[in-house]
Amino acid sequence: MKKRHLISDRILFVLPLWITVSFISIYPLISAFLTSLTDQQLVALAATKFVGANNYYAAFKDVRFLKSITNTVIFVLYAVSLEFLLGFMLALVLHRHFLRRIRGIARSLLFTPMFVTPVAVGLMFRYMLNVEYGIIPYLLRTLLGIRVDFFSPSYALFSIVLIDVWQWTPFMLLLLSAGLESLPQDCYEAAKVDGAGAFATFWYITIPLLRPIMLVAILIRMLDAFRVYEYIYTITRGGPGSATETIMYHIYQVGFRFFRMGEASSKAVVFAFVVLIFVIAIYRALRRYEEWV
Amino acid sequence: MKWVLVVCLGLGLLTGIAFAQQKVLTIIMEDLPETDIIRALLPEFYAANPDLRVVIDSMPYEAMRDKIMTQFFAPVSGYDIIIVDNPWTDEFAAAGWLTPLDDFIEATPGYNYNDFISAVADIAVYQNTIYGVPFYNYAVALIVRQDIFDARGFPIPRTLKEYVETAIALTDKAAGFYGAAMQAQRGYKIFEECANYFYALGAEVIDAEGRVVIDSPQAKEALRLYCLMVEKAAQPGAVTHGFDEAMRLMAGGRAATMISYNWMLPTLNKPEISGKYAGKFAIYPVPGSKAVLGAWYWAIPHNAADKESAWRFIAWVSSPETQKKAAILGSAPVRISVLTDPEVWEKGFGKDYYLTVLEILKTAKPLARGPYAEQIIEIVGLELNNAASGLKTVEDALRDAADELKKLLGQ
């Protein structure tokens with residue numbers, strides 16, 4: 001009697017969450033998947049018909065869509081890697097004892113880019129990097145004699161990477177700094193007693209203890225980076241050519257400029273699977289490293 | 001003190017009652033000087049229509065289409081009146097999202113619909129039904145630094161070949177001065193600019209029979225000349241530049257010409273925009289004399305709550321009288337009577353400007369029409385940018401554009 005009462009109590013407590021998650025997450029996912037099996041167009045809703053997996057076949061033959069996947073993967077790999085390396089370096093530097101007095105103000109200043117809306121960041125860099133009257137190309141020309149067109153076909157995607165690094169390295173810094181400060185000091189004391197040097201301490205104590213935080217930081221940042229859209233929209237519109245067209249921008253174009261919702265939904269589902277593959281791959285790679293250690 | 005409070009409360013109550021009895025019309029508009037001109041004229045509308053108030057929701061162009069779209073699917077549209085860009089008119093009309101206006105026009109005495117320039121008005125006619133009335137035009141023209149042409153002794157180019165040769169001759173990249181401020185950004189921008197080159201050589205994207213002809217020899221030559229301009233006469237980075245960048249270059253005295261909206265001329269000639277270069281700009285028809293036509297239209301969503309009141313505003317704002325006042329304030333006219341009015345010439349931007357605009361509008365042509373106009377613009381705009389960026393050859397770019405368009409149109 002008491003056990004049955006406990007079970008129904010548990011269900012009752014969780015039920016509001018289930019209902020909320022169902023409406024916010026599960027229903028839209030199912031709806032998007034069902035839409036992806038049709039040829040729905042907003043301009044002719046009444047003529048919608050079931051087409052099965054045709055949208056998916058077409059997506060995998062769509063050169064522009066495949067190029068957008070490639071662009072996005074390249075963007076994510078470069079951006080997240082650079083953000084992690086820079087964020088980790090900054091976190092380690094700021095964690096040094098001799099900087100403790102300025103640690104607070106330094107972090108506050110370094111966190112600032114994170115709080116600027118990405119659209120404003122995109123517009124700002126659009127003009128700052130303009131080859132004719134942007135401040136950065138001007139300084140490069142006058143101080144170093146280098147002339148760079150940041151949005152040429154060769155450099156445009158990497159320029160978008162650098163803009164993302166400028167804005168989101170502070171996020172890595174935030175998480176990794178918090179992680180460093182939460183590490184137990186007794187391990188370091190024991191290592192010191194045993195005569196471990198700085199590098200050995202860093203490699204055998206700091207890295208392993210910080211791994212869960214690193215995993216979270218990389219995963220969160222990666223999920224966010226896959227959705228890059230604002231910089232593309234405000235700066236390049238996917239150009240030159242398709243050099244900076246990312247998955248989100250492509251899906252936006254198909255769904256909200258051309259109103260081909262069936263096609264857009266199928267590409268969104270493919271996108272979700274691409275992200276899932278990366279998330280699983282990263283998670284397993286880090287877990288394998290943990291087992292090896 | 002007590003009396004002051006009583007009076008204030010009473011006034012507040014009366015104001016509230018007055019507003020409560022007024023119907024509010026919500027209009028979506030673009031964040032542009034044209035919208036400011038309408039706002040400036042609103043007191044006249046209120047004087048003639050005391051039972052109506054107008055709320056203008058202005059925003060950047062890029063945000064408008066999505067917002068309008070979502071309102072079409074609402075039970076009642078949040079916007080009583082919308083403005084529709086010319087590539088959207090057929091698409092919205094075909095989907096049944098716009099209210100036919102023929103009966104409203106016929107029932108409005110003195111409206112004189114035939115006073116609108118027919119090339120402009122016809123764009124909002126779908127299957128012989130009027131779905132929008134012209135608001136303002138943004139047909140393109142050739143804008144030049146007249147002082148530079150006079151000083152260097154160059155005649156104003158009338159053909160495309162002359163334009164390319166002149167622009168290249170005027171370019172001095174070492175000095176940071178360019179023959180043309182170009183907007184070769186992928187999508188609408190490059191198509192809007194390059195289409196003038198197409199028209200100048202008699203090329204089309206889709207012919208009168210609806211066949212895709214963008215890979216014709218004339219189109220290839222036009223695109224080749226456009227790419228030559230981007231390489232030799234335009235500012236670096238033009239392939240990612242839009243209207244803003246080109247305008248700033250021109251206003252900053254760093255370019256001799258630009259193909260841009262005709263209403264850019266009065267804007268560029270303002271000291272607060274161009275500083276010491278104000279007054280030095282002049283306008284001419286685009287080389288080849290057939291320009292890209294752009295225009296906005298007033299329209300009523302199919303699900304607007306009060307179409308009668310919405311039409312009262314549209315009838316007022318697009319009437320000959322209001323259009324004349326708007327033109328004097330700087331609006332780009334779409335009525336023949338306004339463009340040929342001596343008072344508008346005198347109080348506006350001069351006879352030459354308005355007659356040049358009239359000449360441009362008579363033969364101007366939109367980029368694309370039909371329910372797939374937006375997609376056509378994107379497909380062509382991508383391939384033109386591929387060619388201008390050097391990512392594809394002219395032949396490959398136009399071939400790929402043709403293939404995509406044929407797939408889209410089921411040819």
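Me: Is Arg237(A) buried or exposed?
Reply: This is a predicted model, and in it Arg237(A) counts as buried because it has 24 C-beta neighbours inside 10 Å, where 20 or more are needed.

Me: Where is Arg237(A) found, and what is its phi?
Reply: Arg237(A) is found in the loop between helix 10 and helix 11 of chain A, and its phi is near 55 degrees, which is a positive value in a residue other than glycine.

Me: Which residues does the cis peptide bond join?
Reply: The cis peptide bond joins Gly239(A) and Pro240(A), with omega at about -5 degrees, and Pro240(A) lies in the loop between helix 10 (230–236) and helix 11 (247–257) of chain A.

Me: Switching to chain B, what is phi for Asn128(B), and is that residue buried or exposed?
Reply: Phi of Asn128(B) is near 65 degrees, a positive value in a residue other than glycine, and Asn128(B) counts as exposed because it has 6 C-beta neighbours inside 10 Å, where the limit is 12 or fewer. Asn128(B) lies in the loop between strand 4 (125–126) and strand 5 (129–130) of chain B.

Me: How many residues does each chain give to the contact of the two chains?
Reply: Chain B gives 24 residues and chain A gives 19 residues. On the side of chain B that touches chain A, the elements that give two or more residues are helix 4 (89–94), helix 11 (243–251) and helix 19 (373–388) of chain B, and helix 19 of chain B gives the most, with six residues.

Me: What classes of residue are on that side of chain B?
Reply: The side of chain B that touches chain A has eight nonpolar, ten polar and six charged residues.

Me: Back to helix 19 of chain B, at what angle does it pack with helix 9 of chain B?
Reply: Helix 9 (residues 188–200) of chain B and helix 19 of chain B pack at an angle of about 80 degrees, with their axes 8 Å apart, and the two helices are therefore roughly perpendicular to each other, as angles from 65 to 115 degrees are counted that way.

Me: Which residues meet there?
Reply: From helix 9 of chain B come Tyr188(B), Ile190(B), Phe191(B) and Cys194(B), and these meet Ile377(B), Val380(B), Gly381(B), Leu384(B), Asn385(B) and Ala388(B) in helix 19 of chain B. By class, the residues of this contact are eight nonpolar, two polar and no charged.

Me: What about domains in chain B?
Reply: The domain assignment of chain B gives domain 1 (2–138 + 294–363) and domain 2 (140–292 + 372–409), and the C-alpha centres of these two domains of chain B lie 30 Å apart. Their contact takes 15 residues from domain 1 of chain B and 16 residues from domain 2 of chain B.

Me: Which helix gives the most on the domain 1 side?
Reply: Helix 18 of chain B gives the most to the side of domain 1 that touches domain 2 of chain B, with six residues, and that side divides into eight nonpolar, four polar and three charged residues.

Me: One more topic, what is the strand order in the open sheet of three strands?
Reply: The order is 8-7-9 in chain B, with antiparallel pairing, and the edge strands are strand 8 (257–261) and strand 9 (281–284) of chain B. Four bridges join strand 7 (residues 140–145) of chain B to strand 9 of chain B, and Leu142(B) stands opposite Tyr284(B) in strand 9 of chain B.

Note on methods. Residues are numbered from 1 along each chain as its sequence is written. Chains are lettered from A and ligands numbered from 1 in the order in which they are written. This is a predicted model: local features need pLDDT of at least 70, side-chain atom pairs count only at pLDDT 80 or more; totals for chains, interfaces and linings use all residues. Two residues are in contact if their C-beta atoms, placed from the backbone, lie within 7 Å. Ala, Val, Leu, Ile, Met, Phe, Trp, Tyr, Cys and Pro count as nonpolar, Asp, Glu, Lys and Arg as charged, and the others, Gly among them, as polar. Two strands pair if DSSP finds at least two bridges between them. Axes are lines fitted to C-alpha atoms, for helices over the stretch in contact, and angles run from 0 to 180 degrees between N-to-C directions. Angles under 35 degrees count as roughly parallel, over 145 as roughly antiparallel, 65 to 115 as roughly perpendicular and the rest as oblique. Domain bounds come from an automatic or database domain assignment.
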